[in-house]
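Please take a first look at the model below. A short briefing follows, grouped by topic.

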Amino acid sequence: MLGTNNERTGRMDILQLLDENSKVKIELLEFIQTKLGEKVELSFLAQETAVSKFKLGKLIDELDIDLQQKLSLNNVFTFKRGIVQVNSFICDKDILKLRQQYLDSSLIYQLLIFLLFSNKPISKFTAEHYISNSTLYLYKKRINKLLEKEPLLVKKNKIVGNEWKIRSLGYSIIHDLNGI
């Protein structure tokens, strides 16, 4: 996968809260922005992302639709015959908006926010999002994997550990989302 700044700084990578397709689309968008005015072959992108050319083509088409529908950005790039031509620059603010929209649709992200900032019982979350206990368990397991660097842990439907670390995690998420 294409590297992210958070991997280098040791902070939690908020992109890990996204589903795989949304994560690849954001990474692709950030990468192709470095190729403004250039043509990039799909085979090169497939090699860089470790995603098949077929799936990558599908995700590029979805990304183009997302840019048009969610940000009203047209003709950012063209994709024909295995070549991506980057036509215009997208500012970081717009990339953050798209990332936030992808996060808002991610149940793992929503669960983390719920665990950090809500005092409601977890049954409220599962009922509101129509998820089973087994799915909840898988989401908590994924969150625990992300939190193990801190070291924090989801235990009995609460994030436990050093209070300063928990608050720091909440602030770092807000920081990342606002691009500060």
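Asn 119 is exposed, with a relative accessible area of 78%. Its place is the loop between helix H6 (107–117) and helix H7 (122–129). Asn 119 is 39 residues from Lys 158 in sequence, and their C-alpha atoms are 9.3 Å apart in space. All of this comes from a predicted model.

**The chain overall**

- The chain has nine helices and five strands.
- From the N terminus on, the order of elements is α-α-β-α-α-β-β-α-α-α-α-β-β-α.
- Taken along the principal axes, the C-alpha atoms fill a box of roughly 50 × 35 × 30 Å.
- The chain counts 180 residues, and buried residues make up 43% of them.
- The chain exposes about 10400 Å², and carbon and sulfur atoms supply 52% of that area.
- Take the contacts between residues at least 6 apart in sequence: 59% of them join residues at least 24 apart.

**Helix H4 against helix H5**

- Helix H4 covers residues 53–71 and helix H5 covers residues 92–104.
- Their axes come within 11 Å and cross at roughly 100 degrees.
- Angles of 65 to 115 degrees count as roughly perpendicular, and H4 and H5 are therefore roughly perpendicular to each other.
- On the H4 side, the contact is made by Leu 63, Asp 66, Leu 67, Lys 70 and Leu 71.
- On the H5 side, the contact is made by Asp 94, Lys 97, Leu 98, Gln 101 and Tyr 102.
- The residues of this contact divide into five nonpolar, one polar and four charged.

**Salt bridges**

- Side chains of opposite charge can pair when their charged atoms come close.
- The count of salt bridges comes to six.
- One of them joins the side chains of Glu 20 and Lys 23, at 3.3 Å from N to O.
- Glu 20 and Lys 23 both lie in helix H2 (residues 20–32). They are three residues apart, about one turn of the helix.
- Lys 23 counts as buried, at 7% relative accessibility.
- Another salt bridge joins the side chains of Asp 66 and Lys 25, at 3.0 Å from N to O.
- Asp 66 lies in helix H4 and Lys 25 in helix H2, so this pair ties together parts that are 41 residues apart in sequence.
- Buried means under 20% relative accessible area. Asp 66 therefore counts as buried at 10%, and Lys 25 counts as buried at 7%.
- Asp 66 is also one of the H4 residues in the contact with H5.
- The side chains of Glu 62 and Lys 58 meet in a salt bridge too, at 3.3 Å from N to O.
- Glu 62 and Lys 58 both lie in helix H4. They are four residues apart, about one turn of the helix.
- Glu 62 counts as partly exposed, at 24% relative accessibility. Lys 58 also counts as partly exposed, at 42%.
- Which residues are linked in a network of salt bridges? They are Lys 25, Lys 58, Glu 62 and Asp 66.

- Most residues other than glycine have a negative phi.
- Arg 81 has a positive phi, near 50 degrees.
- Arg 81 lies in the loop between strand S2 (77–80) and strand S3 (83–86).
- Arg 81 is exposed, with a relative accessible area of 84%.
- Asn 157 has a positive phi as well, near 65 degrees.
- Asn 157 is found in the loop between strand S4 (153–155) and strand S5 (158–160).
- Asn 157 counts as partly exposed, at 26% relative accessibility.

Technical notes:
Residues are numbered from 1 along each chain as its sequence is written. This is a predicted model: local features need pLDDT of at least 70, side-chain atom pairs count only at pLDDT 80 or more; totals for chains, interfaces and linings use all residues. Side-chain values use heavy atoms; hydrogens and water are left out. Axes are lines fitted to C-alpha atoms, for helices over the stretch in contact, and angles run from 0 to 180 degrees between N-to-C directions. Helices (H or I, at least four residues) and strands (E, at least two) are DSSP runs, numbered from the N terminus. Angles under 35 degrees count as roughly parallel, over 145 as roughly antiparallel, 65 to 115 as roughly perpendicular and the rest as oblique. Contact means heavy atoms within 4.5 Å. Ala, Val, Leu, Ile, Met, Phe, Trp, Tyr, Cys and Pro count as nonpolar, Asp, Glu, Lys and Arg as charged, and the others, Gly among them, as polar. A salt bridge is a side-chain nitrogen of Lys or Arg within 4 Å of a carboxyl oxygen of Asp or Glu. Buried means under 20% relative accessible area, exposed over 50%, partly exposed in between (1.4 Å probe, protein chains only). Accessible areas come from the Shrake-Rupley method with a 1.4 Å probe; for residues, only the protein chains shown count as cover.
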